[in-house]
Amino acid sequence: MEEDKINGLKQFLGKEMLLLNLKRNIVKKAQRNFNISREEVETAYLIVRSQIKKQAAKRAWTYLLIGSIFLGVGLFGSLTKTGFIFIGAILAGAGCVITAIGLFRLALRKSVND
């Protein structure tokens, strides 16, 4: 493959992985967009997954911190006698924590080189 095509594929795979899309969907999209075989896409997928571990871990810690803040604000608002129920903050916090769990899972998975 050409060098530009390989770099484009790696950028595409990294972006899609950090969005926590399913591997099956990522491979299908890459096959369609780059017109290459499934085996080549899966090989590139494993290589990119081993390369983005640090980025995924940093993003997971960020989401966990933001989610904790939102959960704290939501729980504090709903448990105090302010009269306001911060359901949106609770939902946003839970969503951030769940996203952080998915990113930690991506970061801690075994790679090709391990």
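The chain has 5 helices and 0 strands, the elements being DSSP runs numbered from the N terminus (helices H or I of at least four residues, strands E of at least two). This is a predicted model, in which local features need pLDDT of at least 70 and side-chain atom pairs count only at pLDDT 80 or more, while totals for chains, interfaces and linings use all residues. Residues are numbered from 1 along each chain as its sequence is written, and side-chain values use heavy atoms, with hydrogens and water left out.

Of the 114 residues, 28% count as buried (under 20% relative accessible area, 1.4 Å probe, protein chains only).

The axes of α2 and α3 come within 10 Å and cross at roughly 125 degrees. Axes are lines fitted to C-alpha atoms over the stretch in contact, with angles from 0 to 180 degrees between N-to-C directions. Contact here means heavy atoms within 4.5 Å.

| Helix | Residues in the α2–α3 contact |
|---|---|
| α2 (residues 23-34) | K23, I26, V27, A30 and Q31 |
| α3 (residues 38-51) | R38, V41, E42 and Y45 |

M17 lies in helix α1 (residues 3-18) and is buried, with a relative accessible area of 2%. Beyond its neighbours within four places in sequence, M17 contacts I26, Y45, V48, R49, I52 and L106. The C-alpha atoms of M17 and V48 are separated by 8.9 Å.

Methods
Buried < 20%, exposed > 50% of the residue type's maximum accessible area, 1.4 Å probe, protein only.
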